[in-house]
Every structure is written in structure tokens, then in C-alpha cells.
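Here is a short report for a reader meeting this structure for the first time. Begin with the sequence and the model.

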Amino acid sequence: MSSENWPLRQDPESPVIISRSLVEDPSNLAFVVLDDDGDWFISDGNEFSEDMDLNRDAFGALPLRDAVELIPEIAALAGLPTGMAADWDPERRAWLLSSVADSDDDEEDLLVRAARLAAWTHPGSPLEEVQVSTELAEISTDPAAPARAVRQVVREADGSWLLVGFQVPEDEDFEVEALEMEHAVTLYPDVALVLSAAPGQVYDRPSADDPWELVEG
């Protein structure tokens, strides 16, 4: 893969931690994590344990370029924000995104949270939980898949948030996933324009190219 066609923002020679089983059989892919430092962890479903011998047996290191050549589906995650995980759905050929929970290092977690809070320039908190319609938390590897965009931003009466995508028919029930606010805004930057919404307000738009309109509240 030439540098001109390199799909990710990380250095192609940067090391990644990868399950050894994936080097033998990439179809064992289960999930990836892009940590707060922008480093990749690619797994067959196993996680790190407290036993370092087990970790050395289960995981190895590869340059990111080699990992992408081995598992090209990772290229679809070019826009994945740091601090997120993505579970691989082999049947649908899609990634399901989630915000990574705190680690076992309480001191490091506090430092990361403090840095995220200090860098946040929008109303509210970057750590606040946001409900999003499921397709907004999915990234398909199908080039023909429709573009993901937010159609409606709802600030519930209790102050919580709901983001609804264009693929959700109006007035129909739909499933949701939880993301942290910073991750939702990084994935969908135009949502930041309505983060000053008061509880009970709803913003909508006819298309992703249209401005937000206050339709309720």
C-alpha cells in the first residue's frame, strides 16, 4: 500500500498490538481499540490479563501498515476518534462503535479525563453519555453504504441527549447505542452547533446540507 493511498491518519510504521491468532487467520477478528494516545489494539476477542506470560503468548506487535494489509477492514475506521472501540460484525461487514470504559489505572484515567475536559470548547461535558440511533454508531465497509449523518438532535426534558440519523423513518421505534459526547461530536461535527439546546428542545433538518431548525421547545 503506497503512502499516497494510505487511509489512516496514524503513521503507517507505528507499532500496533495484535492477537497472534489474527496473523494466522484474520477471520478471527473480533474488535479493535484506538486508545487515547492514538495507538491501535487489534484483537480476536481476548483482552489483556494480569499474567504477562499469557499476554506475551496471546499478543504480538506489527507495523500498522502490515496490520492494514492483513485486515483491510480497518481502513474503514479512518475517522474513528481516539478512546473508542469497534466490534466487527462479519455477517454485515460492519463495525459497531462504542466509547471505551476506564482502564485499571485510576491515576491515568483521571489525567485523561482532566485533559479531555480542559480541551472541550462546547457546552456541557465531553464525558456525558449520548444516545444515538444504531446506524450512527455503525461504520460499514461497503462503499455503496449510505453516508451517515444526524437528522435530529433531541435534548430530553431531563437534560439527556438523543441523536437520530437519516436512515431512521420518522415516527417509528428504533434501537439506540450509547456514546460519549466528545466521540459523537467528533464523528458528527455539525451536532456541536446545537449543543446549547435547552431541555425539551428538538432540532431537525430536511437534509445533511440544510441548517438546523428548532422544531420543538
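## Salt bridges

A salt bridge is a side-chain nitrogen of Lys or Arg within 4 Å of a carboxyl oxygen of Asp or Glu. Asp-89, Arg-92 and Glu-138 are linked in a network of such bridges. This is a predicted model: local features need pLDDT of at least 70, side-chain atom pairs count only at pLDDT 80 or more, and totals for chains, interfaces and linings use all residues. Residues are numbered from 1 along each chain as its sequence is written, and side-chain values use heavy atoms, with hydrogens and water left out.

The structure holds nine salt bridges. One joins the side chains of Arg-65 and Glu-13, at 3.0 Å from N to O. Arg-65 lies in helix α3 (residues 64–70) and Glu-13 in the segment before β1 (15–19), so the pair ties together parts 52 residues apart in sequence. Helices (H or I, at least four residues) and strands (E, at least two) are DSSP runs, numbered from the N terminus. Arg-65 is buried, at 19% relative accessible area. Glu-13 is partly exposed, at 47%. Buried means under 20% relative accessible area, exposed over 50%, and partly exposed in between (1.4 Å probe, protein chains only).

## Two more pairs

Asp-53 forms a salt bridge with Arg-56; their closest N and O atoms are 2.5 Å apart. Both lie in helix α2 (residues 52–58), three residues apart, about one turn of the helix. Asp-53 is partly exposed, at 47% relative accessibility.

Asp-204 pairs with Arg-151, with closest N and O atoms 3.9 Å apart. Asp-204 sits in strand β12 (residues 202–204) and Arg-151 in strand β9 (residues 150–155), so this bridge ties together parts 53 residues apart in sequence. Asp-204 and Arg-151 are both buried.

Most residues other than glycine have a negative phi. Arg-93 is not a glycine, yet has a positive phi of about 55°. Arg-93 lies in the loop between β5 (84–89) and β6 (94–99). It is partly exposed, at 37% relative accessibility. The C-alpha atoms of Arg-93 and Thr-141 are separated by 6.0 Å, though these residues are 48 apart along the chain.

## The whole chain

How many helices and strands are in the chain? There are five helices and 13 strands. Along its principal axes, the C-alpha trace spans about 55 × 45 × 35 Å. Of the 217 residues, 40% count as buried.
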